[in-house]
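Here is a friendly walk through one protein model, written for someone who likes to think at the level of side chains. Please keep the viewer open as you read.

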Amino acid sequence: MTRRQANGTLLALGALSTTPLSALAQETRTLPAPRREAGMPLMQALQARRSTREYSQRPLSAQVLSDLLWAAYGVNRPNSDRTAPYWRHIMVIDVYAAMADGVWLYEPKQHALRPHLAADIRAQTGTQDFAATAPLNLVYVVHGERMKDTSPEDRRLYGSVDAAFAGQNVYLYCASEGLATVFRGALDHEKLARAMRLPEGQFAAFAQSVGYSV
């Protein structure tokens with residue numbers, strides 16, 4: 001193989017790593033039904049709630065991932081309302097799961113993960129080193145374009161509040177299940193938006209690492 005051919009192969013592989021998973025014929029991942037009767041009493045979970053910034057590389061099971069995402073922003077009523085409140089009854093956030101096998105969009109109504117990117121972008125979900133190795137980084141993406149007649153400042157404010165509601169749900173679930181987590185604002189918003197290929201009007205408000213303590 002010539003040097004030119006080798007360089008061409010490397011460029012092709014680099015492009016492939018950021019290709020949307022849908023283009024790679026990946027399928028939507030259906031999650032197990034959430035265990036709605038599981039967990040500890042609320043007051044005990046509040047007592048156990050804390051932020052953790054060191055994680056083992058132990059992966060999360062499909063059942064734990066299912067329960068966690070449902071706790072964050074799942075459907076808990078027949079009218080498709082969610083486990084977390086949201087701005088003016090307009091759903092302005094999406095929850096993405098950044099893992100070693102790519103980036104996935106959580107679809108609450110189907111309780112499934114839809115492929116978004118093939119790349120492992122965990123390191124780009126935050127400025128702290130542990131983000132790169134935590135088995136799961138949730139990214140709370142705000143649809144600013146859905147907030148009509150609202151200033152850019154208020155869009156960020158309201159979207160951040162909605163993300164924080166979901167983040168607290170994750171905190172309580174993790175406390176109940178003995179998992180480690182931390183809600184993070186220390187991220188390069190523009191860099192992450194580019195890495196996730198977010199369209200105009202959408203922005204990443206916060207991220208949240210989840211895993212097992214070392």
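## A polar residue inside

Asparagine 137 lies in strand β5, which covers residues 136-143; helices (H or I, at least four residues) and strands (E, at least two) are DSSP runs, numbered from the N terminus. The model is predicted, so local features need pLDDT of at least 70 and side-chain atom pairs count only at pLDDT 80 or more, while totals for chains, interfaces and linings use all residues. Residues are numbered from 1 along each chain as its sequence is written, and side-chain values use heavy atoms, with hydrogens and water left out.

Is asparagine 137 buried or exposed? With a relative accessible area of 0%, asparagine 137 is buried (buried means under 20% relative accessible area, exposed over 50%, partly exposed in between, with a 1.4 Å probe and protein chains only). A polar atom of its side chain lies 2.7 Å from the backbone oxygen of alanine 131. Leaving aside neighbours within four places in sequence, asparagine 137 is in contact with residues including Tyr96, Arg122, Ala131 and Gln208, where contact means heavy atoms within 4.5 Å.

## The sheet

Seven strands form an open sheet in the order β1-β4-β3-β2-β5-β7-β6, with antiparallel pairing; two strands pair if DSSP finds at least two bridges between them. Which strands stand at the edges? They are β1 and β6 (180-184), and each has a single partner strand, so one side of each is left without a neighbour in the sheet.

Threonine 30 has alanine 112 as its bridge partner in β4.

## Salt bridges

How many salt bridges does a search of the whole structure find? The search finds six, a salt bridge being a side-chain nitrogen of Lys or Arg within 4 Å of a carboxyl oxygen of Asp or Glu. Side chains of opposite charge can pair when their charged atoms come close. One of these pairs is aspartate 101 with arginine 29, whose closest N and O atoms are 2.6 Å apart. This pair links distant parts of the chain, 72 residues apart: aspartate 101 is in the loop between β2 (93-99) and β3 (102-107), and arginine 29 is in strand β1 (residues 29-30). Aspartate 101 is partly exposed at 38%, and arginine 29 is partly exposed at 27%.

Arginine 114 and glutamate 107 also meet in a salt bridge, at 2.8 Å from N to O. Another salt bridge joins arginine 122 and aspartate 120 at 2.9 Å; here arginine 122 is buried, with 12% relative accessibility, whereas aspartate 120 is partly exposed at 38%. Arg35, Asp67 and Glu177 are linked in a network of salt bridges.

## Two loop residues with positive phi

Most residues other than glycine have a negative phi, and most peptide bonds are trans. Serine 80 has a positive phi of about 75° although it is not a glycine, and serine 80 sits in the loop between α3 (62-73) and β2.

Arginine 197 likewise is not a glycine and has a positive phi, of about 55°. Arginine 197 is found in the loop between α5 (189-196) and β7 (202-211), where it counts as partly exposed at 43% relative accessibility.

## Leucine on the outside

Leucine 42 is placed in helix α2 (residues 42-48). Leucine 42 is exposed, with a relative accessible area of 51%.

How values were computed. Polar contact = N/O pair within 3.5 Å; in protein donor to acceptor, adjacent residues only side chain to side chain.
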